[in-house]
Amino acid sequence: MNDMEQLNALVANGKLSRREFVSRASALGVGSSLGGLLLTGEAAAQTKKTPKKGGTLRVGMEGGSASDSLDPRTYADSIMIAASLTLMNGFIEIGNDGKAKGELLESWSTKPGATEWVFNVRKGIKFTSGKTLDADDILYSLSLHMGDTKSPAKGLLKQIKEMKKLSPTQVQFTLESGNADFPSVLSDYHLVVTSNGWTDWTKPDGTGAFTLEKFEPGVRITFKNKGSYWKPGRGNFDGVEILYINDKAARTAALQSGKIDAANRLDARTVNLLAKNPKLNIVRTKGSGNRYCFVSHVTAAPYNNKDLRTALKFGIDRKKIIDTVFNGFASVGNDHTLDANNPFYNKKMAQRAYDPDKAAFHFKRSGVAASDLELLTSEGAWGSAVDCASIYQESLKKAGIQLKVKKVAADGYWSDVWLKQPFCAAYWGSRPTADVALSTTFKSDAEWNDTKWKNAEFDKLILEARVELNEAKRSEMYARAQEIVADDGGMVCFAISDYLDGYAKNVMGNDPHPRYDLADDRIAETGWFA
C-alpha cells in the first residue's frame with residue numbers, strides 16, 4: 001500500500017479528518033480523490049475560507065448552441081441552466097448531500113399519504129424589477145410549464161391536480177396521487193421563478209444575485225451583480241461571463257492560459273496532466289455525472305424490432321469506450337438512467353457486457369438489413385460523442401453489423417436532431433430521485449421520452465412506487481422498472497461519467513455536487529476569488 005492509499009484508508013476508517021488528509025496529501029506533493037474532489041495542494045481547505053467580494057468570473061462551458069433562449073421552457077443543456085441560476089432562483093435547491101432544501105419555497109409540510117402539500121414562500125425577496133416575491137409569482141412560474149406548452153417539465157407537473165394560494169406567503173398543492181418526493185420534483189432545473197405575468201425572456205426578471213448585461217447565443221452571456229443578495233455568503237462576484245466553448249481542447253487551453261477561470265467537462269484523457277498544473281484545481285464528482293447514450297425510436301423501423309435493439313445493446317464495447325474515451329473516469333451504464341449512488345439502483349441486475357456472438361444472434365433473428373442502420377452524432381451532443389460512435393461502429397463489426405455513422409453540425413443539434421431523428425447520440429444529467437430520473441426519461445407521457453418507448457407495466461410501477469412508503473417494497477418496484485427498460489427500451493446507455501471541472505487556483509466555493517458539475521451549475525452564485 002503506497003502513501004496515498006494509506007491516507008485514504010485512514011479516512012475511510014474514520015481515523016483521519018479531511019483537513020488532516022489535505023495537509024498530509026499536500027506534504028506528499030501529490031493529488032488524490034476524496035468525496036469526489038481531486039485534491040491539488042490546498043484546494044479542499046481553501047473552499048472553507050470566508051467568501052470575499054469582487055472580480056469577474058469567466059466560465060468556459062460546453063453545453064449550449066446558437067439557438068439558446070432564456071425562456072425556462074426551452075432549457076436543454078448546461079449553459080442555459082447555469083445562466084438561469086445566475087439570474088433567477090428555483091423553488092427548491094438540491095444540497096451537496098443530495099437532499100431537497102428550501103430556496104424560494106422556504107419550507108413545507110404534507111398530510112399522511114403525501115397527496116396534499118403546503119409550501120411557505122420565502123419572505124422579503126425582491127425581483128430585479130423591484131417587485132416583492134409572493135404566492136402569485138410561485139403559481140405563475142409553475143403554470144408556464146403546465147397546460148398548452150412544450151416545456152420538458154410538463155410531464156413532471158401533470159401530477160398536480162390543483163394548486164392554489166392560501167395567503168400571499170403560502171401555496172397548496174393537491175396531487176392526483178401521493179408523492180413522497182414532491183419537493184425534489186420542484187427542483188427540476190426548468191423550474192425557476194419569475195414575477196407574475198412576466199413574458200420578456202430577453203430581460204428575465206429574477207431574484208438571483210445578478211442581472212443580465214448581454215446575451216449572444218452561441219457566443220457569450222454577461223451578467224452584473226445587483227449589489228445585494230438574499231443568500232448569505234453567495235453572489236460574491238462583481239460580474240460573470242459565460243463563454244460558449246464547446247470544443248474540449250479549446251476549453252482546456254483557455255483554462256491553462258488564464259483566459260477563463262473555470263471550465264466544465266474537462267477531457268478525461270488529459271485531466272491527470274492538468275491536475276499537476278500548480279495554477280489549477282480539478283474537482284471530480286464520481287459516478288453521478290452525465291449518462292451517455294445512443295437512443296433509438298422504438299416506434300420507427302427498424303428500431304421497432306426488439307431483437308435489433310437487443311443486438312445493439314450487446315454489440316457495444318462499453319469498457320473500451322470508458323477506457324479509451326473517458327480514461328477510466330466513468331462507470332459502465334446498464335441501459336437505464338439510474339447510477340449506482342442512487343439508493344434504488346438495481347444492484348442485482350446483471351450488467352450487460354460486450355458480447356459479439358449474442359449481438360450477431362439477435363441481429364440475424366431480427367431480419368434487419370445492415371444498410372438500414374444509421375447513427376447521427378456530433379460534438380454538439382457532447383464533446384467526445386463522435387469518438388464514442390466510432391468505437392461503437394468498430395465493436396458492432398465484430399458481430400457482423402454494419403453501422404453507418406453520420407456526423408452532423410453541432411449548432412442546433414438538440415433542436416434539429418434529438419427527439420426528431422430515429423437513432424442518435426444523447427446524454428442525460430443526474431436527477432435528484434429515482435422517480436424523477438425514470439419518469440422524465442421513460443414514462444409514456446414524458447415530454448422528453450427520447451426513445452418514444454411506452455410500457456404499461458413500467459408506468460404502473462412508477463406510479464405505485466411514488467406513493468409507496470415501505471422502502472423495501474419501493475425498492476422492488478424501481479428494481480423491476482429498471483429491468484423492463486434495460487430489456488425492452490430503445491436506450492443504449494453505455495457510460496455514466498465522472499464530472500470533471502477545472503478552476504483557477506483562486507476560485508473558491510466549488511465543492512463537488514451530486515447532481516451537476518460546476519457546483520450544480522451554481523458556481524456564479526456560490527463561488528468567490530480568494
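Me: What should I know about the model before reading values from it?
Reply: It is a predicted model, in which local features need pLDDT of at least 70, side-chain atom pairs count only at pLDDT 80 or more, and totals for chains, interfaces and linings use all residues. Residues are numbered from 1 along each chain as its sequence is written, and side-chain values use heavy atoms, with hydrogens and water left out.

Me: How many residues of α4 are buried?
Reply: In helix α4 (residues 78–87), 10 of its 10 residues are buried, among them Ser 78, Met 80 and Leu 87. Buried means under 20% relative accessible area, exposed over 50%, and partly exposed in between (1.4 Å probe, protein chains only). Helices (H or I, at least four residues) and strands (E, at least two) are DSSP runs, numbered from the N terminus.

Me: And salt bridges, how many in the whole structure?
Reply: The search finds 41, each being a side-chain nitrogen of Lys or Arg within 4 Å of a carboxyl oxygen of Asp or Glu.

Me: Which residue does Glu 62 meet in a salt bridge?
Reply: Its partner is Lys 248, at 3.7 Å from N to O. Glu 62 lies in the loop between β3 (56–61) and α4, and Lys 248 in helix α8 (residues 248–257), so the pair ties together parts that are 186 residues apart in sequence.

Me: Is Glu 62 buried or exposed?
Reply: Glu 62 is buried, at 2% relative accessibility; Lys 248 is also buried, with a relative accessible area of 16%.

Me: What about Glu 379 and Lys 407?
Reply: Their side chains form a salt bridge at 3.2 Å, N to O. Glu 379 is partly exposed at 30%, and Lys 407 is exposed at 53%.
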